[in-house]
Amino acid sequence: QVQLVESGGGLVQAGDSLRLSCAVSGRTFSRYVMAWFRQAPGKEREFVARISWGVSSTYYTDSVKGRFTISRDIAKNTLYLQMNNLKPEDTAVYYCAAREGVWVGVRATDFDSWGQGTQVTVSS
């Protein structure tokens, strides 16, 4: 397993942009699939985006397609989520997650390493 620490959350207005970062450390993780999830108060943890660390193959939930971009910088051991045209419904705690494997799904239970989360609040 790896250790994950999120940063970059904050309070923004609708239409603004924000970039989240997830610092990755621990054992080698070149074979890992990594993802961003989010959770609003009283709601289930929701899948946002997924990426294969080694080959940068990506997948997004429908609600963020065209607005969010998941990426990674291998040299810096960092995962990113670029969020553009933010909407109030994007308000949530955002978590990065990881699991070793060649294919991983979109359920929270598919991942076994988690960060502590970073708050994103989007006002109208």
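Which residues does Val93 touch, not counting residues up to four places away in sequence? The legends below begin with that residue in this predicted model.

View 1. Val93 belongs to strand β9, which covers residues 92-100. Its contacts, not counting residues up to four places away in sequence, are Phe37, Arg38, Gln39, Gly117, Thr118 and Gln119. The C-alpha atom of Val93 is separated by 9.2 Å from that of Gln116, a residue 23 places away along the chain. With a relative accessible area of 21%, Val93 is partly exposed, because buried means under 20%.

**View 2. The largest nonpolar core and a second core.** The largest nonpolar core contains 29 residues, and those with the most contacts inside it are Met34, Trp36, Leu79, Leu81, Met83 and Tyr94. At least two residues of this core come from each of the strands β1 (2-7), β3 (18-26), β4 (32-39), β5 (46-52), β7 (68-73), β8 (78-83), β9 and β11 (118-123). A separate second core has 7 residues, including Val33, Phe47, Ala97 and Phe111. Nonpolar side chains tend to be buried together in soluble globular proteins.

**View 3. Contacts of Leu79.** Leaving aside neighbours within four places in sequence, Leu79 is in contact with Leu20, Ser21 and Cys22, with Met34, Ala35 and Trp36, with Ile51 and Trp53, with Ile70, Ser71 and Arg72, and with Cys96. Leu79 is among the residues with the most contacts inside the largest nonpolar core.

**View 4. The four-stranded open sheet.** The order of the 4 strands is β1-β3-β8-β7, with antiparallel pairing. β1 and β7 are at the edges and have a single partner strand each, so one side of each lacks a neighbour in the sheet. On average, neighbouring strands of this sheet are turned by 20° against each other, direction ignored. The antiparallel pairing of β1 with β3 extends over 6 bridges, and Glu6 stands opposite Cys22 in β3. β7 and β8 are also antiparallel, over 6 bridges, and here Thr69 stands opposite Gln82 in β8.

View 5. Side chains alternate along β7.

**View 6. The disulfide between Cys22 and Cys96.** A search of the whole structure finds 1 disulfide. The bond joins Cys22 to Cys96, with an S to S distance of 2.1 Å. Cys22 is in strand β3 and Cys96 in strand β9, so the pair ties together parts that are 74 residues apart in sequence. The torsion about the S-S bond is about 60°, so the disulfide is right-handed. Cys22 is buried at a relative accessible area of 0%, and Cys96 also counts as buried, at 0% relative accessibility.

View 7. β7 and β8 form a hairpin with 4 residues between them, and Asn77 is in the turn. Phi of Asn77 is near 50°, a positive value in a residue other than glycine. Asn77 counts as partly exposed, at 32% relative accessibility. Ser56, in the loop between β5 and β6 (58-60), has a phi near 60°, which is also positive. At 34% relative accessibility, Ser56 counts as partly exposed. Most residues other than glycine have a negative phi.

**View 8. The salt bridge between Asp90 and Arg67.** The closest N and O atoms of Asp90 and Arg67 are 2.8 Å apart in this salt bridge. The pair links distant parts of the chain, with Asp90 in the loop between β8 and β9 and Arg67 in the loop between β6 and β7, 23 residues apart. Asp90 is buried at 1% relative accessibility, as is Arg67 at 9%. Both residues belong to a network of salt bridges that links Arg38, Glu46, Arg67 and Asp90.

**View 9. Two further salt bridges.** The count for the structure comes to 6 salt bridges. One of them joins Lys65 to Asp62, with the closest N and O atoms 3.0 Å apart. Lys65 is partly exposed at 48% relative accessibility, whereas Asp62 is exposed at 61%. Another joins Asp110 to Arg107, with a closest N and O separation of 3.1 Å. Asp110 is buried, with a relative accessible area of 14%, and Arg107 is exposed, with 54%.

Methods
Residues are numbered from 1 along each chain as its sequence is written. This is a predicted model: local features need pLDDT of at least 70, side-chain atom pairs count only at pLDDT 80 or more; totals for chains, interfaces and linings use all residues. Side-chain values use heavy atoms; hydrogens and water are left out. Buried means under 20% relative accessible area, exposed over 50%, partly exposed in between (1.4 Å probe, protein chains only). Contact means heavy atoms within 4.5 Å. A nonpolar core is a set of buried Ala, Val, Leu, Ile, Met, Phe, Trp, Tyr and Cys residues joined through side-chain atoms within 4.5 Å. Two strands pair if DSSP finds at least two bridges between them. Axes are lines fitted to C-alpha atoms, for helices over the stretch in contact, and angles run from 0 to 180 degrees between N-to-C directions. A disulfide is a pair of cysteine sulfur atoms within 2.5 Å. A salt bridge is a side-chain nitrogen of Lys or Arg within 4 Å of a carboxyl oxygen of Asp or Glu.
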